[in-house]
Amino acid sequence: MSEKQNVKSTEEQLARFAKAMGHPTRIIILKFLASLDTCYFGDIHNELPIAKATVSQHLKELKEAGLIQGEIETPKVKYCINKENWIIAQKEFSAFFSDIKNNETCC
């Protein structure tokens with residue numbers, strides 16, 4: 001893979017993480033899951049004043065972005081932070097924000 005392709009891939013991944021985190025409810029879910037080892041869907045739903053279908057949609061977005069992972073334990077679904085991708089997200093966001101110049105003026 002060329003360096004250009006790698007950069008594009010890194011930026012795409014960062015954008016995917018940012019998009020998934022772009023809703024306040026998803027931030028709440030991530031904070032809640034980050035404070036626990038694992039959590040069942042019902043526990044997440046009990047934390048939020050929204051419909052189960054809406055919680056499911058938010059979990060789906062976070063899972064598709066790779067920020068969380070889920071495991072079926074019939075009849076329940078257990079979720080947790082995807083630690084590998086969580087570390088990648090921390091590094092990528094940190095690098096992104098540290099690249100901003102500290103100029104006194106804008107433009």
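**First stop: asparagine 82**

Select asparagine 82, which is found in the loop between β3 and α5 (83-98). The names of such elements follow DSSP runs, numbered from the N terminus: helices are runs of H or I of at least four residues, and strands are runs of E of at least two. At 15% relative accessibility, asparagine 82 counts as buried, a word that means under 20% relative accessible area, while exposed means over 50% and partly exposed lies in between (1.4 Å probe, protein chains only). Next, display Gly66, Leu67, Ile68 and Gln69: asparagine 82 is in contact with these residues, leaving aside its neighbours within four places in sequence. Contact means heavy atoms within 4.5 Å.

Two remarks on the model itself belong here. This is a predicted model, in which local features need pLDDT of at least 70 and side-chain atom pairs count only at pLDDT 80 or more, whereas totals for chains, interfaces and linings use all residues. Residues are numbered from 1 along each chain as its sequence is written, and side-chain values use heavy atoms, with hydrogens and water left out.

**Second stop: the whole chain**

Now select the entire protein chain and colour it by secondary structure. Five helices and three strands are present, and from the N terminus on the elements run α-α-β-α-α-β-β-α. Of the 107 residues in the protein chain, 29% are buried. Among contacts with a separation of 6 or more, 53% are accounted for by residues 24 or more positions apart. The accessible surface comes to about 7,800 Å², and 53% of this surface belongs to carbon and sulfur atoms; such areas come from the Shrake-Rupley method with a 1.4 Å probe, and for residues only the protein chains shown count as cover.

Select the three strands, which form an open sheet in the order β1-β3-β2 with antiparallel pairing. The edge strands are β1 (39-40) and β2 (68-73), each of which pairs on one side only. Two strands pair if DSSP finds at least two bridges between them.

How many bridges join β1 and β3? Strand β3 (residues 76-81) pairs with β1 over two bridges, in the antiparallel sense. To inspect this pairing, select cysteine 39, which stands opposite tyrosine 79 in β3, and then tyrosine 40, whose bridge partner in β3 is lysine 78.

Glutamate 73 stands opposite lysine 76 in β3. A hairpin joins β2 to β3 through two residues. Select proline 75, which is found in the loop between these two strands; the peptide bond from threonine 74 to proline 75 is cis, with omega near 5°.

Select α2 together with helix α4 (residues 52-65). These helices pack at an angle of about 70°, with their axes 10 Å apart; axes are lines fitted to C-alpha atoms, for helices over the stretch in contact, and angles run from 0 to 180 degrees between N-to-C directions. The helices α2 and α4 are therefore roughly perpendicular to each other, since angles of 65 to 115 degrees count as roughly perpendicular, under 35 as roughly parallel, over 145 as roughly antiparallel and the rest as oblique. Display Thr25, Arg26, Ile29 and Leu30 of α2 with His58, Leu59, Glu61 and Leu62 of α4, which make the contact.

Within α4, select histidine 58. Is histidine 58 buried or exposed? At 7% relative accessibility, histidine 58 counts as buried. Histidine 58 touches His23, Thr25, Arg26, Ile29 and Ile50, not counting residues up to four places away in sequence.

Return to α2 and select isoleucine 28. At 45% relative accessibility, isoleucine 28 counts as partly exposed. The C-alpha atoms of isoleucine 28 and leucine 48 are separated by 8.5 Å, and these residues are 20 residues apart along the chain.

**Last stop: phenylalanine 93**

Finally, select phenylalanine 93 in helix α5. At 18% relative accessibility, phenylalanine 93 counts as buried. Phenylalanine 93 touches Leu14, Phe17, Ala18 and Met21, not counting residues up to four places away in sequence. The C-alpha atoms of phenylalanine 93 and phenylalanine 17 are separated by 9.3 Å, although the two are 76 residues apart along the chain.
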